[in-house]
Amino acid sequence: MKEMVLSLLEWIVGLGHLGIALGLMVEVIPSELVLSYAGYLISQGHLSFAGSVIAGTIGGTIAQLFLYWMGYYGGRPFLEKYGRYILISQKQIDLSESWFEKYGNGVIFFARFIPVVRHAISIPAGIAKMPFSKFTIYTLLAIIPWSILFIYLGSQLGSNWEDIKTIAAPFTRGIAIGAIVILFIVIVFKVRKGKK
């Protein structure tokens with residue numbers, strides 16, 4: 001299985017910057033692996049850092065826009081029926097919908113850094129008919145640093161890029177905790193403001 005994933009990854013990213021964008025749009029392989037492998041290719045002089053970040057941002061954003069539109073036009077029944085074909089589980093839909101209802105539009109940015117909800121959070125945004133421009137801006141603002149982080153780590157790891165999950169764990173854990181703390185502060189602020 002590992003060899004098959006590696007072969008697919010090498011083929012996709014072997015297409016250059018276009019391959020990075022396609023890899024993130026389809027997301028058959030986790031974005032962390034696609035981006036860190038791109039970083040490895042940068043360290044070998046095959047790709048540019050700026051081009052890879054741009055490609056990663058475009059691909060990652062389009063993937064989320066696709067989920068947003070599915071929610072917007074198909075609604076929950078459509079996603080419950082076909083979500084499994086795009087690797088979105090019922091649990092992810094339930095949790096992300098709960099988060100969106102609880103925290104509002106701002107969760108689109110912060111949830112991008114939190115496991116389980118980060119892939120599915122675009123769906124309730126579409127169902128709730130969140131303004132497209134606001135959704136796109138929040139998504140871009142989250143995907144740019146995510147792309148930079150994993151491409152940079154992959155370029156530093158070089159041929160050891162496959163260790164990305166271990167190396168990135170302290171970063172992603174810290175970012176996730178930070179995102180949850182900020183969300184909590186925002187909620188407390190909103191509650192206090194509402195009482196006033």
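This is a predicted model: local features need pLDDT of at least 70, side-chain atom pairs count only at pLDDT 80 or more; totals for chains, interfaces and linings use all residues.

User: Fine. How many helices and strands does the protein have?
Analyst: Nine helices and zero strands. Both are DSSP runs numbered from the N terminus: helices are H or I with at least four residues, strands E with at least two.

User: What percentage of the residues count as buried?
Analyst: 46% of the 196 residues. Buried means under 20% relative accessible area, exposed over 50%, and partly exposed in between, with a 1.4 Å probe and protein chains only.

User: And what share of the contacts join residues at least 24 apart?
Analyst: 69%, counted among contacts between residues at least 6 apart in sequence. Contact means heavy atoms within 4.5 Å.

User: Now H3 and H8. At what angle do they pack?
Analyst: H3 (residues 31–43) and H8 (residues 132–157) pack at about 50 degrees, and their axes are 6 Å apart. That makes H3 oblique to H8. Axes are lines fitted to C-alpha atoms, for helices over the stretch in contact, and angles run from 0 to 180 degrees between N-to-C directions. Under 35 degrees counts as roughly parallel, over 145 as roughly antiparallel, 65 to 115 as roughly perpendicular, and the rest as oblique.

User: Which residues of H3 and H8 make the contact?
Analyst: From H3, they include Leu-35, Gly-39, Tyr-40 and Ile-42; from H8, they include Trp-146, Phe-150, Ile-151 and Gly-154. The contact residues divide into six nonpolar, seven polar and one charged. Here Ala, Val, Leu, Ile, Met, Phe, Trp, Tyr, Cys and Pro count as nonpolar, Asp, Glu, Lys and Arg as charged, and the others, Gly among them, as polar.

User: Switching topic: which residues touch the most other members of the largest nonpolar core?
Analyst: Leu-9, Val-13, Ile-20, Val-34, Leu-35, Tyr-37 and Leu-47, out of 26 residues. H1 (2–13), H2 (17–26), H3, H4 (49–82) and H8 each supply at least two residues, and H3 gives the most, with eight. A nonpolar core is a set of buried Ala, Val, Leu, Ile, Met, Phe, Trp, Tyr and Cys residues joined through side-chain atoms within 4.5 Å.

User: What is Leu-47 in contact with?
Analyst: Leaving aside neighbours within four places in sequence, its partners include Val-13, Ile-20, Leu-41 and Ile-42. There is also a second, separate core of 12 residues, which includes Tyr-68, Ile-108, Val-117 and Ile-121.

User: Next, Arg-112. Buried or exposed?
Analyst: Buried, with a relative accessible area of 5%. Arg-112 sits in the loop between H6 (107–110) and H7 (122–127).

User: What does Arg-112 contact?
Analyst: Beyond neighbours within four places in sequence, Arg-112 is in contact with Gln-64, Arg-118, Ile-121, Ser-122, Phe-135, Thr-139 and Ala-142.

User: Last one: where does Lys-129 lie?
Analyst: In the loop between H7 and H8. At 43% relative accessibility, Lys-129 counts as partly exposed.

How values were computed
Residues are numbered from 1 along each chain as its sequence is written. Side-chain values use heavy atoms; hydrogens and water are left out.
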